[in-house]
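Please keep the sequence and the structure in view while reading.

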Amino acid sequence: MKRRKFLRNSSTAAAGIISAPLLASYTEKTTSKKTTSTGIIPIAICTWDFGNATAKAWEVLKNGGSSLDAVHQGVMIEENDLKNSTVGNGGRPDRDGNVTLDACIMDKDGNCGAVLAMQNIANPISVARKVMEETPHVMLAGKGAEQFAYEQGFKKTDLLTAESKEAWLKWKETSQYQPIINIENHDTIGMLAIDDQGDISGACTTSGMAYKMAGRVGDSPIIGAGLFVDNEVGGATATGVGEEVVRTVGSFLIVELMRQGKSPQEACEEGVKRIIAKNKDKQDFQIGFIAINKKGEIGGYCIHPGFSYRTYTKDGHINNLSDSYFKS
């Protein structure tokens with residue numbers, strides 16, 4: 001049952017248990033004036049140098065497609081790339097040898113969907129979109145997310161490739177858990193896009209930290225932490241050690257800073273500084289933020305040198321080296 005149909009069918013039954021203020025709040029949200037923008041140059045931006053992903057997103061945008069379709073199809077490129085050991089099929093497993101995937105997606109109207117710690121499904125971003133569009137929920141986790149995927153027609157897939165299995169077996173020889181700065185054992189792809197209607201959407205997908213504890217979930221599928229979009233203001237997404245992003249609700253923070261008047265660059269810098277302030281005696285981890293505002297302005301910032309982000313507009317396809325809090 002689609003989410004809107006579910007909500008419509010359940011509204012009468014819920015009337016006796018939902019308070020008048022809550023109903024008023026819901027009505028206000030769903031009838032708010034739609035914001036549009038003219039003269040905006042479509043743009044796709046993603047964490048890291050995932051040029052194939054931004055190229056796919058740009059293909060959607062230049063053909064008049066929505067920002068939602070652009071980010072969805074863009075990040076799927078990395079989910080399906082078996083050479084990418086941090087996202088989707090071929091992602092590195094947890095310490096028990098199970099590949100568990102996280103993803104979320106958010107559209108211009110604030111609708112969102114996410115899957116957490118899901119196994120055996122190659123495209124978690126597609127399942128997250130189904131959660132958003134076909135259910136009354138925002139998040140499904142573990143076996144429940146997997147079962148929902150099967151019900152939606154997704155096929156069971158063995159996500160542990162020979163290469164990832166070999167790396168996992170080698171890791172088990174010492175079982176030392178130590179994420180390394182800018183080494184892709186803990187990174188993700190987060191993507192934001194603006195379409196030719198001026199509407200913003202975002203998506204984020206990952207296999208999480210390599211050799212993590214079973215059941216660990218980082219920031220990537222958490223709306224407000226790994227990704228947040230407000231179509232009146234802008235959007236932000238994160239990469240790196242997710243626990244630190246969760247503690248500051250990083251992406252939401254950056255969007256709110258832009259709402260207060262900061263540029264995307266200034267907001268990303270402040271987001272990193274908030275994390276640094278909470279980790280004064282700990283500096284051996286990486287966080288990277290990217291952001292975009294309603295004007296199409298972008299920003300990116302990280303803790304340590306080495307983080308980059310891809311942008312694609314009609315003016316070119318560029319890998320941007322991010323400025324960092326620590327310079328060396």
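## Enclosed space

A cavity is defined on a 1 Å grid over the protein atoms alone, as a set of points where a 1.4 Å probe fits but cannot get out, and its lining residues are those with an atom within 4 Å of a point. Grid points are joined across faces, edges and corners, and a volume is the space filled by probe spheres set on the points. By this rule the count comes to one cavity of 30 Å³ or more, and the largest cavity has a volume of about 80 Å³.

The lining of the largest cavity is made up of 15 residues, and those nearest its centre are Thr206, Arg216, Asp219, Ser220 and Gly240. Strand β8 (residues 234-240) supplies the largest share of this lining, three residues; strands (E, at least two residues) and helices (H or I, at least four) are DSSP runs, numbered from the N terminus. By class, the lining holds three nonpolar, nine polar and three charged residues, where Ala, Val, Leu, Ile, Met, Phe, Trp, Tyr, Cys and Pro count as nonpolar, Asp, Glu, Lys and Arg as charged, and the others, Gly among them, as polar.

## Basis of the values

This is a predicted model, in which local features need pLDDT of at least 70 and side-chain atom pairs count only at pLDDT 80 or more, while totals for chains, interfaces and linings use all residues. Residues are numbered from 1 along each chain as its sequence is written, and side-chain values use heavy atoms, with hydrogens and water left out.

## Salt bridges

Side chains of opposite charge can pair when their charged atoms come close. The structure holds 13 salt bridges, each being a side-chain nitrogen of Lys or Arg within 4 Å of a carboxyl oxygen of Asp or Glu. In one of them, arginine 129 meets aspartate 69 at 2.8 Å, N to O. This pair links distant parts of the chain, with arginine 129 in helix α5 (residues 124-134) and aspartate 69 in helix α4 (residues 67-79), 60 residues apart. Arginine 129 is buried, with a relative accessible area of 15%, whereas aspartate 69, at 27%, counts as partly exposed; buried means under 20%, exposed over 50%, and partly exposed in between (1.4 Å probe, protein chains only).

Glutamate 244 and arginine 247 form another salt bridge, at 2.6 Å, N to O. Both residues lie in helix α8 (residues 242-248), three residues apart, about one turn of the helix. Glutamate 244 is buried at 5% relative accessible area, while arginine 247 is exposed at 56%. Elsewhere, salt bridges that share partners join Asp69, Arg129 and Glu133 into one network.

Conventions
1 Å grid on protein atoms, 1.4 Å probe; cavity = no way out; pocket = protein on both sides within 12 Å on 5 of 7 lines; lining within 4 Å.
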